[in-house]
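Residue and element names follow the numbering shown with the structure.

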Amino acid sequence: MKDISVSQDIIYIGAYDRDIDLFESQYPVPDGVTYNSYVIMDEKIAVMDTADRRASGEWFANLEAALGGRAPDYLVSLHLEPDHSGNIQAFADKYPEAKLVVSAKAALILPQFCCIDMSRVISMKEGDKLSLGGHELTFVMAPMVHWPEVMMAYESRDKVLFSADGFGRFGSADPDEDWDDEARRYYFNIVGKYGAQVQAVLKKAAGLDIAVICPLHGPVLKGDLGRYIGKYQLWSSYAPEDDGVFVAYASIHGHTAAAVRRFVEILEQKGAKKVVAMDLARCDMSEAVENAFRYDKIVFASVTYDASLFPAMEDLLYHLKIKAWRGRKAGLIENGSWAPSSAKLMRAYLEGMKDIEIVAPEVTIRTAMKPADEEAMAALADALLA
């Protein structure tokens with residue numbers, strides 16, 4: 001972590017939380033997560049965000065080492081979510097002369113997060129600047145990416161965009177690790193609902209000469225920034241990233257799972273470019289959400305349970321609904337021993353979403369798969385791949 005470089009005067013002081021099991025108490029993070037923070041050393045010193053209280057010791061040690069005995073003049077808080085604002089109070093107490101720089105919206109809710117004299121708070125609006133000497137920050141408002149008070153900051157001398165949670169990723173800050181998978185899972189589960197707001201910020205960023213992106217999670221991004229920005233353009237448009245079929249299934253005693261295995265074979269035999277199947281009762285739900293956004297076609301296969309949907313399937317459909325999932329081709333497979341009704345219930349969810357094409361036929365299996373069911377699944381595969 002100490003080897004992370006931004007520029008000669010901008011020092012990385014983030015902390016790496018390897019012990020956390022669930023980010024936001026719901027997303028598994030087997031490789032942990034970083035709470036990124038930076039110090040801009042100049043005539044005046046600005047600290048860019050703090051860290052979660054879980055990492056207070058590491059963060060303050062990194063801060064003090066970077067300051068080298070000097071006192072900071074500003075703490076810039078781009079985002080008040082507790083994983084970044086968790087040490088504002090401790091910072092304010094330790095450095096009583098420092099000012100806190102936040103967006104105007106953040107200033108209104110700041111008292112909910114800490115008890116700080118509001119005379120120490122500087123509120124920023126779109127285009128406002130903060131001069132540190134040779135470095136100058138210009139503030140870009142980014143409401144609902146993914147909280148209402150979020151802002152980003154552009155440092156003009158080193159051409160650095162401090163992007164708040166934008167361009168973040170689960171896992172470490174190692175730039176050599178694959179970025180796409182954990183950035184995609186992070187985006188669609190945390191930011192994904194707010195595609196229009198992300199697009200608005202990307203339009204603003206298009207007018208900036210950016211050489212480095214410094215997010216609040218994951219690696220500092222350098223080099224071919226067009227690759228990262230292109231992914232955000234794609235993801236925030238809700239367009240599918242890959243041509244493939246995601247089969248999400250919920251099975252109790254294995255009959256639906258067996259049907260899905262056969263259906264995957266049928267899809268592959270008919271030329272599907274990629275097929276990914278996930279058992280919703282046993283998978284990471286955030287990965288299922290990621291795959292639903294990633295691929296252009298999806299099949300929901302669920303057993304009927306208590307005259308309703310199996311809970312794991314309902315959980316996925318609920319997540320997709322609240323994340324504004326849209327614009328996909330979908331197929332339905334239901335199973336039930338005496339009164340299958342899951343297709344009707346899944347359809348009701350999908351009809352409440354935007355631009356979902358539900359293809360025929362709906363496949364109904366009664367307990368164990370039979371030859372007629374395979375024929376129906378073949379017809380469904382043809383309709384999906386047409």
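In this predicted model, Val247 stands opposite Val299 in strand 18. Val247 also stands opposite Ala277, a residue of strand 17. Strand 16 (242-250) is joined to strand 18 by 7 bridges, and the two run parallel. A further 5 bridges join strand 16 to strand 17, again in a parallel arrangement. Strand 16, helix 8 (residues 255-269) and strand 17 together make a right-handed β-α-β unit. Because 7 of the 9 residues of strand 16 are buried, the strand is largely enclosed by the rest of the structure.

| Strand pair | Bridges | Direction |
|---|---|---|
| strand 16 and strand 18 | 7 bridges | parallel |
| strand 16 and strand 17 | 5 bridges | parallel |
| strand 7 and strand 8 | 3 bridges | parallel |
| strand 11 and strand 12 | 3 bridges | antiparallel |
| strand 12 and strand 13 | 5 bridges | antiparallel |

Helix 9 (residues 285-294) has 9 of its 10 residues buried, so the rest of the structure largely encloses this helix. The buried residues are Met285, Ser286, Ala288, Val289, Glu290, Asn291, Ala292, Phe293 and Arg294. What do the buried residues of helix 9 pack against? The strands involved are strand 4 (27-28), strand 16, strand 17 (275-279) and strand 18 (295-305), and the helices are helix 5 (180-191) and helix 10 (311-322).

Helix 10 in turn packs with helix 11 (residues 342-351) at an angle of about 10 degrees, their axes being 10 Å apart. Since angles under 35 degrees count as roughly parallel, helix 10 is roughly parallel to helix 11. On the helix 10 side the contact is made by Met313, Glu314, Leu317, Tyr318 and Lys321, and on the helix 11 side by Met346, Tyr349 and Leu350. These contact residues comprise 6 nonpolar, no polar and 2 charged.

Another part of the model holds an open sheet of 6 strands in the order 1-6-7-8-9-10, with mixed pairing. Its edge strands are strand 1 (10-12) and strand 10 (121-124), each of which pairs on one side only. On average, neighbouring strands of this sheet are turned by 25 degrees against each other, direction ignored. Within the pairing of strand 7 (residues 46-48) with strand 8, Ala46 stands opposite Tyr74. Helix 1 (residues 56-67) lies across strand 1, strand 6 (38-40) and strand 7, and runs at about 20 degrees to strand 6.

Not counting residues up to four places away in sequence, Leu75 touches Val47, Asp49, Thr50, Ile88, Phe91, Lys99, Leu100 and Val101. Asp209 is 134 residues from Leu75 in sequence, and the C-alpha to C-alpha distance between them is 24 Å.

Strand 12 (residues 136-141) is largely enclosed by the rest of the structure, because 5 of its 6 residues are buried. Strand 11 (residues 129-131) runs antiparallel to strand 12, and Ser131 has Glu136 as its bridge partner there. The hairpin formed by these two strands has 4 residues between them, and Gly133 takes a positive phi near 125 degrees. Strand 12 also runs antiparallel to strand 13 (residues 151-155), where Thr138 stands opposite Tyr154.

How values were computed. Residues are numbered from 1 along each chain as its sequence is written. This is a predicted model: local features need pLDDT of at least 70, side-chain atom pairs count only at pLDDT 80 or more; totals for chains, interfaces and linings use all residues. Side-chain values use heavy atoms; hydrogens and water are left out. Contact means heavy atoms within 4.5 Å. Buried means under 20% relative accessible area, exposed over 50%, partly exposed in between (1.4 Å probe, protein chains only). Axes are lines fitted to C-alpha atoms, for helices over the stretch in contact, and angles run from 0 to 180 degrees between N-to-C directions. Angles under 35 degrees count as roughly parallel, over 145 as roughly antiparallel, 65 to 115 as roughly perpendicular and the rest as oblique. Ala, Val, Leu, Ile, Met, Phe, Trp, Tyr, Cys and Pro count as nonpolar, Asp, Glu, Lys and Arg as charged, and the others, Gly among them, as polar. Two strands pair if DSSP finds at least two bridges between them. A crossover is right-handed if, with the strands pointing away from the viewer, the path from the first strand over the helix to the second runs clockwise.
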